[in-house]
Protein chains: 2
Amino acid sequence: MAKFTHANSCNTCPYKDYALTKLQTNDVDLIQNSCLIVNFKKGENVCKQGTEVTHALYLAKGSVKLYIEGKNKNLILKIITQSKYIGLQSLFGDRIYQYTITTLEDSQICMINANIILDLAKKNVDYLFELTRNISESTNFVYKKIIDINQKQLRGRLADVLLHFSENVFKSDTFELKLTRKELAEYSAMSMENTVRILNEYKKDGIIGIEGKIFTIKQPDILRKVAELG
Amino acid sequence: MAKFTHANSCNTCPYKDYALTKLQTNDVDLIQNSCLIVNFKKGENVCKQGTEVTHALYLAKGSVKLYIEGKNKNLILKIITQSKYIGLQSLFGDRIYQYTITTLEDSQICMINANIILDLAKKNVDYLFELTRNISESTNFVYKKIIDINQKQLRGRLADVLLHFSENVFKSDTFELKLTRKELAEYSAMSMENTVRILNEYKKDGIIGIEGKIFTIKQPDILRKVAELG
DNA sequence: TTATAACATTGATGCATATCAATGTTTTAT
DNA sequence: ATAAAACATTGATATGCATCAATGTTATAA
């Protein structure tokens, strides 16, 4: 794994999480003392499905994919970008990672001893409340994902995914997607070949523009209609 | 909706949840004062997808299905049996139900004003901690579900579901499943026709026994193999 | 700098699964 | 008690999608 440094300024960190504001200064110090800032290079595993949860993971900088490794194929559940906890529910659940997390670009992850976080959570209800809110939102997101996979077919799913990136993740009509076609396929729960096929279909129809990894949503209304009709 | 009574003995209730043991007696009284015990008949909606979350729901007695309503078909995410909170993450998330919950038999649901639970959670960290653990486990369960749907095919999925009922839900080789074939299909994310077909396939092969809604797992090892191979 | 692997693209083929259809059975409601 | 609706079953058909195959392109490593 990559090189790391000790955290030394959690309170003034520009990537600080909102939940931290719920803690007293000396409690933040507790976190800071345990916190290792680890530099991951693109493509490295941050945690591995099936292993024990020993640390809370906070993505300070960069982006990662959270995915379940299957026998033949993977399923990417979430793309997470900076200043977010990743995989909080594993701290409170059965303490075994149900998924693997891999960086999509060079990233900085804060790793804090799980028991320290749990102890703090047990002592600071406002802090725990924020974490719980976070986990709940995450659960709701997965509910939406599962229903997309179950109910829509390829074109609808891909339209959904493109809109999601445009509207929720990058908040722009044009965005650079740090995913390969294969990863985009794993995120949309379809084969890589069909992902390519449908993307180019949308491009030919003038609904989107593609220039390598730069995507442009040209006709969001049509895309929305496709997403809706499934 | 059905008739209801006011709760009057939460502390000594035989269906009491473990999380309640984390509260002081007078805090339990707060819950008790707000708690309505509502009697639902089989097939009634306990909450409805798209509506606002106003109450915490606790399934004291009976059983329910939690499902997402799609355009053509539904997807049952969980079957919940007695003495369990249902849909806790909706209290802490965006306060809109992402799913509908319907009773599978006559059931008693305790409905407690959402804000009272949230206030208690904000004051009793041990209580909140139990709720959070609950939500986290629920998230992990959905992760498993999503991967089953995505990675396995019909026979494997159905084998999985049957084993799950036998091993986790009813903890017995023989069990009465309070689901119609259609609901079993919605739980396994497949068509009703194929559910029937494969069930009878398993029956012919002597892997399971079916007598109406009574299922017997006769050869769990074979079933496990089918589940594994997908 | 070159070799090797991963990525991207397009077409052809096969299969798993949903859908349609027909018919009998069991609930549910009046 | 009877009608209507939901449930259950089995077979035939259609199709959406993955898989296979072939080929070009771009990263990555030695």
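**Interface and cavities**

About 3900 Å² is buried between chain A and chain B, and carbon and sulfur atoms give 65% of that area. A:F129, A:Y143 and A:I146 supply 19% of the area that chain A buries against chain B, more than any other three residues. The model is predicted.

Contacts between the chains
- In the contact between the chains, 43 residues of chain A meet 43 residues of chain B.
- There are 0 salt bridges between chain A and chain B.
- Polar contact between chain A and chain B amounts to 14 residue pairs, with both residues at pLDDT 80 or more.

Chain A side of the interface
- Two or more residues each come from β5 (63-69), β6 (74-81), α2 (89-92), α3 (114-123), α4 (125-151) and α8 (220-229) of chain A.
- Of the elements on this side, α4(A) gives the most, with 20 residues.
- By class, the side of chain A that touches chain B holds 19 nonpolar, 14 polar and 10 charged residues.

Cavities
- The whole structure contains 3 cavities of 30 Å³ or more.
- The volume of the largest cavity is about 60 Å³.
- Its lining includes A:L66, A:K78, A:Y85, A:I86, A:G87, A:L88 and A:Q89.
- A:N134, A:I135, A:S138 and B:Y143 also line the largest cavity.
- α4(A) provides the largest share of this lining, 3 residues.
- The lining of the largest cavity divides into 6 nonpolar, 4 polar and 1 charged residues.

Methods: Residues numbered from 1 in each chain as written. Chains lettered and ligands numbered in written order. Predicted model: local features only at pLDDT ≥ 70, side-chain atom pairs only at ≥ 80, totals over all residues. Heavy atoms only, no water. Contact = heavy atoms within 4.5 Å. Buried area = accessible area lost by both parts, 1.4 Å probe. Salt bridge = Lys/Arg side-chain N within 4 Å of Asp/Glu carboxyl O. Polar contact = N/O pair within 3.5 Å; in protein donor to acceptor, adjacent residues only side chain to side chain. Helix = DSSP H or I, 4+ residues; strand = E, 2+ residues; numbered from the N terminus. Nonpolar A, V, L, I, M, F, W, Y, C, P; charged D, E, K, R; others polar. 1 Å grid on protein atoms, 1.4 Å probe; cavity = no way out; pocket = protein on both sides within 12 Å on 5 of 7 lines; lining within 4 Å. Points joined across faces, edges and corners; volume = space filled by probe spheres on them.
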